[in-house]
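Please keep the sequence and the structure in view while reading.

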Amino acid sequence: MSDPQTIPAHGTVLPQSLSIRNAAAVRDLLHAAFESTDPVLLNVPDDADIDLSFLQLVEASRRHAELNGRSFGLQNPATGNLLSTLERAGFIADMTPRDREFWLHRKEQQ
Amino acid sequence: MTTLDPIQVFRTEAAELFEQIEGGLLDLLHDLSNQDQIDAVFRGLHTLKGSGAMFGFEALAAFTHHCETAFDRVRKGEVPASAELVACVLAAQDHMKALVDRPNGDHAEEGDRLLAELQAAVGGQGGIGTVVTPPLAASAPAKAENAATTWKLSFRLPSNAMANGTNPLGLLDELRELGTCEIKADVSKVPGLNQIEPADLYVSWQVTLTTEQPRSAIDDVFIFVMDEMELQIEQQSSPTPAAGIKATDTPTAPAAEKTVTEPPAKAEASPAAVAETKNGKAAENVRVPAERLDELMDRVGELVIAQSRLSQLAGSSVDIQLRAVSEDVERLSGELRDTMMVLRMVPVTQLFSRFRRLVHDLARETGKMIELEFEGETTEVDKTVIERLADPLVHLVRNSIDHGLELPDERIAAGKDRAGRVLLSARQAGGEVIITIKDDGRGINRERVRAKAEASGLVQPGQQLMDQELLQLIFQPGFSTAAQVTNLSGRGVGMDVVKKTVEALRGVIDIRSEPGRGSEISLRIPLTLAIIDGLLVRVGSGNYVIPLSAVEECLELSLEEDLRSRGRSFISLRDSLVPYLRLRDLFRTGTAPDRYQKVVVISTGDERVGLVVDQIIGDHQTVIKSMSKLHHDVVTFSGATILGDGSVALILDVMHLINVGQQQEAQLRAAG
C-alpha cells in the first residue's frame with residue numbers, strides 16, 4: 001500500500017451520511033471508486049454522521065486494496081467525527097503501526 | 001426479487017415491538033408488581049427508542065425515551081406501577097404508532113399532552129418530559145458499590161445486530177460509564193469489499209473494565225442482546241476496598257489476583273455452548289416478507305397447473321416412461337403444495353392478541369367489567385384468512401360487549417358474576433377452522449329482532465321463521481336493535497360487512513343465543529384460500545369446480561325422476577326433502593340433459609342443496625384465480641381455475657347457490 005501522504009490530492013468525496021442507513025450506497029461508492037481511480041483516496045467530511053458500519057467498510061476496502069495490489073487511504077488524517085468514532089469503537093487503543101499510519105497518518109518512530 | 005427497504009424493515013420491527021409492549025402492559029394490569037412484565041415493557045420501549053433513532057425516526061426516539069424513563073424508574077422501584085401509568089403508556093403507544101406512520105406529521109401538541117399525563121402518573125417527579133434528546137447510554141445503576149473490581153470482557157454481537165437496531169457504539173459507551181475502560185476492537189473478521197454485507201457486524205471487542213458497580217450492571221448493558229450474543233466475562237481482580245473505606249469494613253479479605261470465569265448471568269452452560277445453542281436457535285427461523293411468500297405461492301400454483309397438463313398428456317400417451325415421470329412430478333408437486341400450505345399457516349394468536357387492547361379500551365368506555373379468554377390460540381390458519389378476519393372479529397367482539405354484556409350491577413341482579421366473560425376460541429375441523437366468539441351476557445332479544453325486521457320490511461308481519469333464520473337477520477344491512485346509537489355499535493353498520501367478508505372467504509356464520517345466558521357466534525372458514533380440493537363437474541359443454549369441502553354426497557338423477565319432480569325440484573334424502581337446482585337451467589346452456597344426470601349435494605352447516613350436473617369428472621386440485629374487476633358483480637362464481645388442457649373452469653360460489661336453493665324452497669313451500 002502506498003503512503004497516503006505521498007498520493008496526489010484528489011480524493012473521493014464521501015457524503016455527509018456515513019451511517020448504517022446509507023451503508024449500502026457507501027459500499028457501492030467505494031466499489032465505483034476502485035473501478036475508476038487509482039489510488040483511491042477518501043475525503044471524509046469532518047462533521048459526517050459516522051457509525052461503525054463505515055469503519056467496517058473502510059477496513060473492508062483496505063483488505064480489498066491489499067488483495068488487489070491497489071493503493072487506498074484517507075486523504076487527510078482522521079479528525080472530527082471520524083476520530084471520535086474510532087475512539088468510541090475501540091480502534092485507537094491497540095493500533096498497530098500500519099493502522100496508525102492509515103488512520104492517523106502517523107509513522108512509527110524508529 | 002426486490003431488496004428490502006430499511007424503513008419498511010423498521011416499521012415491521014416496530015409493529016412487533018408495539019405488540020410486545022402492549023401485551024406486557026395489559027399483562028401488567030393483572031399484577032402490577034410483576035417484575036418480569038415491567039422488564040419486558042422496559043426492554044420493548046428501549047429497543048423501540050434505539051431502533052427508531054438508528055433509522056432516523058428522531059421524534060419517535062425522543063418521545064419513547066420519556067416512556068422508557070418512566071418504566072426505568074418503575075423497574076428500579078423508584079415509583080410503583082399503577083393502572084394510571086399503564087393507561088398513559090398505552091395511550092402514548094398510540095402516539096408512537098402515529099410517529100412511525102407519519103414521522104413528518106404535526107404531533108407536538110398531542111405529544112406534550114401525553115407527556116404531561118405521563119409525568120402526573122409517575123408522581124410528577126424526576127425527569128419525565130424534561131429530556132429532549134435520548135442519551136447515548138442508559139443511566140448507571142443508582143446504587144454503586146464501594147469496591148472496585150477489574151473485569152475482562154470478550155464479546156461478539158450477532159451479525160444482524162446493527163440491522164436490527166442495536167448500536168454497538170452505544171453499548172461501548174454504556175460500559176465506559178461504569179468505570180475505567182480500555183476497549184480494543186478486533187477487526188480481523190471484516191471481509192473484503194466484495195464480500196462485505198454493509199449492514200452486518202463483523203467487529204468484536206475485548207474490554208478491560210475496572211468498576212465499583214456489581215457484575216449485574218455489566219450484564220444490564222447487554223440485556224437486550226444477551227440471548228443472541230457471545231459474551232465471556234472474567235473477573236481479573238476481586239473487589240478491593242475503595243479509597244476512604246477501611247480494610248476492616250470488608251469482613252472477608254479477598255484472595256489476591258484470583259481469576260474467576262463466570263458465565264453470563266442468564267446462562268447456565270458455558271459461553272461457547274451458549275453461543276452455539278443460540279446460533280442454532282437463530283438458524284431455526286428466517287423472516288420472509290409476506291409478498292415473497294405470495295410470489296412463491298403463485299409459482300406453486302402455476303406448477304400445479306402445468307403438472308395437471310402433464311398428467312393429462314401422459315394419460316393419453318402409451319409411453320410408459322412419460323407416465324412414470326408424470327407420476328413423479330404429480331407426487332412432488334403435491335408435496336410441494338402441502339409444504340407451501342404449511343408455510344402460509346400462522347397461529348390465530350396473532351389475531352386474538354389484538355383484542356386484548358380493544359377489550360381493555362371498551363371496558364373503560366362502557367364501565368363494564370370484562371374478562372377476555374382465549375382457547376386454541378395455537379390453531380393455524382392461512383395468513384390471508386387471518387388478515388381478512390381481523391375487521392369482522394372486531395365488529396363481533398364490539399357487538400358482543402356493547403349489546404351482550406350487562407353492566408356489573410345488572411349482572412349481580414341477574415345472579416351472575418360482576419365481570420362479563422368473552423371467550424375467543426379457535427379449533428380446526430377437517431379443512432375448516434371454526435372461530436367462535438362467545439359471551440355470557442343477556443343474549444339476543446328475539447322479540448326485538450323480529451319487531452325491527454318487520455318494521456324495516458325484512459320480513460312480513462307474522463311470517464314463520466326458523467330460529468336460525470331469525471337470528472341471522474342481525475347480519476342484514478342496516479339492521480340494528482340497539483336502542484341507542486353509541487360509538488361502539490348500534491348504527492347497523494358492521495354486521496352485514498362481517499357476513500360479506502366471511503362469505504367472501506367461503507365461510508359461514510352460525511349463531512346461537514340463549515336469553516339471559518349469552519350468545520355464541522361461530523365463523524367456519526376454510527383453512528386456506530389459495531389452492532383447494534375441488535370436484536370437477538360438467539354442465540352442458542362447460543366444466544365447473546365445486547369446493548370439495550362443501551360436498552356431502554353424489555346421487556344419480558334419472559331422466560324419469562327429473563321429469564317426475566319437475567316443478568317441485570326436491571329430492572328425498574333419508575326422509576328429508578332437499579331442494580335442488582338444475583345448473584343447466586341456471587347457466588342457460590341450451591343443451592339437452594344427459595340421460596343419467598347427477599345430483600351433487602352441498603351443505604353449509606344445516607343448509608343443504610342439490611346441484612344437478614351432467615357429469616362428475618372427478619376430484620381436482622384447484623388453484624384459485626380471482627375474477628377480474630369486470631366480473632365483480634358476478635355472484636354465482638367465486639373464482640376461476642385453469643385446467644390441465646389450458647381451458648378455464650369457473651368455481652361455484654357454494655354460499656350463494658345454497659341461498660338460491662333455500663329461497664326456491666321457501667317460495668315453493670309458500671305456494672303450497
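This is a predicted model: local features need pLDDT of at least 70, side-chain atom pairs count only at pLDDT 80 or more; totals for chains, interfaces and linings use all residues.

How many helices and how many strands does chain A have? Chain A has four helices and five strands.

**Chain A**

Along the sequence, the elements of chain A follow the pattern β-β-α-β-β-α-β-α-α. Chain A holds 110 residues, of which 41% are buried. When contacts in chain A between residues at least 6 apart in sequence are taken together, 85% of them join residues at least 24 apart.

**The contact between the chains**

Chain B gives 25 residues to its contact with chain A, and chain A gives 24 residues in return. On the side of chain B that touches chain A, the elements that give two or more residues are α6 (168-178) and β2 (179-186) of chain B. By class, the residues on that side of chain B comprise 19 nonpolar, three polar and three charged.

**Helix pairs in chain B**

| Helix pair | Residues | Axes | Angle |
|---|---|---|---|
| α13(B) and α17(B) | 383-404 and 495-504 | within 9 Å | roughly 145° |
| α2(B) and α3(B) | 35-54 and 58-75 | 8 Å apart | about 155° |

What is the direction of α2(B) relative to α3(B)? Their axes pack at an angle of about 155°, which makes α2(B) roughly antiparallel to α3(B). The crossing in which α2(B) passes α3(B) is left-handed. On α2(B), the residues making the contact include B:I38, B:V41, B:F42 and B:L45, while those on α3(B) include B:L60, B:A61, B:T64 and B:F71. Sorted by class, this contact of α2(B) with α3(B) has eleven nonpolar, four polar and six charged residues.

The crossing of α13(B) and α17(B) is likewise described as left-handed. From α13(B), the residues B:R388, B:D391, B:P392, B:H395, B:L396 and B:N399 take part in the contact, and they meet B:M495, B:V497, B:V498, B:T501 and B:V502 of α17(B). The contact of α13(B) with α17(B) has six nonpolar, three polar and two charged residues.

**Strands in chain B**

Chain B contains an open sheet of five strands with mixed pairing, in the order β7-β9-β10-β12-β11. Which strands stand at the edges of this sheet? They are β7 (370-375) and β11 (508-514) of chain B; each has a single partner strand, so one side of each is left without a neighbour in the sheet. On average, and with direction ignored, neighbouring strands of this sheet are turned by 15° against each other.

Strand β10 (residues 432-439) of chain B pairs with strand β12 (residues 518-526) of chain B in the antiparallel sense, over seven bridges. One residue pair can be located by name: B:I437 has B:I521 in β12(B) as its bridge partner.

A further pairing in chain B involves strand β21 (residues 637-642) and strand β22 (residues 648-652), which run antiparallel and are joined by five bridges. In this pairing, B:F637 stands opposite B:L652 in β22(B). What do β21(B) and β22(B) form? They form a hairpin with five residues between them, and B:G646 in the turn has a positive phi of about 90°.

Conventions:
Residues are numbered from 1 along each chain as its sequence is written. Chains are lettered from A and ligands numbered from 1 in the order in which they are written. Axes are lines fitted to C-alpha atoms, for helices over the stretch in contact, and angles run from 0 to 180 degrees between N-to-C directions. A crossing is left-handed if the near helix is turned anticlockwise from the far one by less than a right angle, and right-handed if clockwise. Two residues are in contact if their C-beta atoms, placed from the backbone, lie within 7 Å. Ala, Val, Leu, Ile, Met, Phe, Trp, Tyr, Cys and Pro count as nonpolar, Asp, Glu, Lys and Arg as charged, and the others, Gly among them, as polar. Angles under 35 degrees count as roughly parallel, over 145 as roughly antiparallel, 65 to 115 as roughly perpendicular and the rest as oblique. Two strands pair if DSSP finds at least two bridges between them. A residue is buried if 20 or more other C-beta atoms lie within 10 Å of its own, exposed if 12 or fewer, and partly exposed in between; C-beta atoms are placed from the backbone.
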